[in-house]
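These are my notebook entries from an afternoon of looking things up in one structure. I wrote down each thing as I looked it up, with the cut-offs beside the terms.

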Amino acid sequence: MLSSCADGAGGGENEEMVKQVPLTFSQAILPYAVGALEPNIDAMTMEIHYGKHHAGYVKNLNNALAENNINAASVEELLANVSNLPVAIRNNAGGHYNHDLFWNVMTPGGNEVPGKVSEAINASFGSMDAFKEEFSKTAKGRFGSGWAWLVEADGKLMIGSTPNQDNPLMDVSELKGTPLLGLDVWEHAYYLKYQNLRGDYVKNWWNLVNYDQVAARMS
Ligand code: MN3
């Protein structure tokens, strides 16, 4: 789940002290070993992606919050107000939220699609195959770096994409809604194994999708 806890902001009895403790974020432990998603995503990619890229977003987010003296209750609050915040917070709060979600919507070998999810997908896209086809097309078609998303908005499911580390919770995003599923299509997510073949990465990624997490994120 999202590690949007303010690690340094709880537990104190003195209110004044608590207010002075800056909001800091930390990386949740990966829910599986770095090699557990092989052969679909290789261990080296996971090690660098989780250990360097995601870790970097968390570090840079904490630095940017401290430098700008910004406090917020959660990462979601930052995302919802990102148009008023420095660009470093947009990029790194997005990077932290997106990767935290990404690790959790994957599981070794994937899992069965719960009835709640298949019913909603069938209602919105006609069939599971049609959903996967549209989502894959969106992921492959995202120019440059970014993410493909399945979101829930006003009780309906929608597919879309965002550039860079933007996401559908940001006030600046064209695509808006609750993220149910996200796919990282930055080259750092696949280039070691797949090089320029983003389509092969997207195709194999379906073997890893954790549909229980999709269900848990639905209203
Ligand atoms: Mn990434």
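**Entry 1: the salt bridge.** I looked up arginine 90 and found that it forms a salt bridge with aspartate 166, where the closest N and O atoms are 2.8 Å apart. I noted the cut-off for the term: a side-chain nitrogen of Lys or Arg has to lie within 4 Å of a carboxyl oxygen of Asp or Glu. The pair links distant parts of the chain, since arginine 90 is in helix H4 (residues 87-104) and aspartate 166 is in the loop between E2 and E3, 76 residues apart. The structure holds 1 salt bridge.

The terms are set as follows: buried means under 20% relative accessible area, exposed means over 50%, and partly exposed is in between, with a 1.4 Å probe and protein chains only.

**Entry 2: what I am working with.** I remind myself that this is a predicted model, in which local features need pLDDT of at least 70 and side-chain atom pairs count only at pLDDT 80 or more, whereas totals for chains, interfaces and linings use all residues. Residues are numbered from 1 along each chain as its sequence is written, and side-chain values use heavy atoms, with hydrogens and water left out.

**Entry 3: the chain as a whole.** I looked up the elements and found 9 helices and 3 strands in the chain; these are DSSP runs numbered from the N terminus, with helices (H or I) of at least four residues and strands (E) of at least two. Read from the N terminus on, their order is α-α-α-α-α-α-β-β-β-α-α-α. Of the 219 residues of the chain, 46% count as buried.

**Entry 4: the sheet.** The 3 strands form an open sheet in the order E2-E1-E3, and the pairing is antiparallel. Strand E2 (156-163) and E3 are the edge strands, each of which pairs on one side only, and the twist averages 20° from one strand to the next. I noted that two strands pair if DSSP finds at least two bridges between them, and that the axes behind the angles are lines fitted to C-alpha atoms (for helices over the stretch in contact), with angles from 0 to 180 degrees between N-to-C directions. Strands of a sheet pair through backbone hydrogen bonds, either parallel or antiparallel.

How many bridges join E1 to E2? There are 8 between strand E1 (residues 146-153) and E2, and E1 pairs with E3 over 6 bridges. I followed alanine 148 to both sides: it stands opposite serine 161 in E2 and opposite leucine 183 in E3. Further along, valine 151 stands opposite methionine 158 in E2, and glutamate 152 stands opposite leucine 157 in E2. E1 and E2 form a hairpin with 2 residues between them, and aspartate 154 in the turn has a positive phi of about 55°.

Because 8 of the 8 residues of E1 are buried, E1 is largely enclosed by the rest of the structure. Both of its faces are covered, with Gly146, Ala148, Leu150 and Glu152 buried on one side and Trp147, Trp149, Val151 and Ala153 buried on the other.

**Entry 5: the manganese ion.** Which residues coordinate the manganese ion? They are His49 (NE2), His99 (NE2), Asp184 (OD) and His188 (NE2), at 2.0 to 2.1 Å. Histidine 49 lies in helix H2 (residues 43-67) and histidine 188 in the loop between strand E3 (178-184) and helix H7 (191-194), so the pair ties together parts that are 139 residues apart in sequence. Both histidine 49 and histidine 188 are buried. Donors are N, O and S atoms within 2.8 Å of the metal (3.2 Å for Na, K and Ca), and sites may look incomplete because water is not among the atoms.
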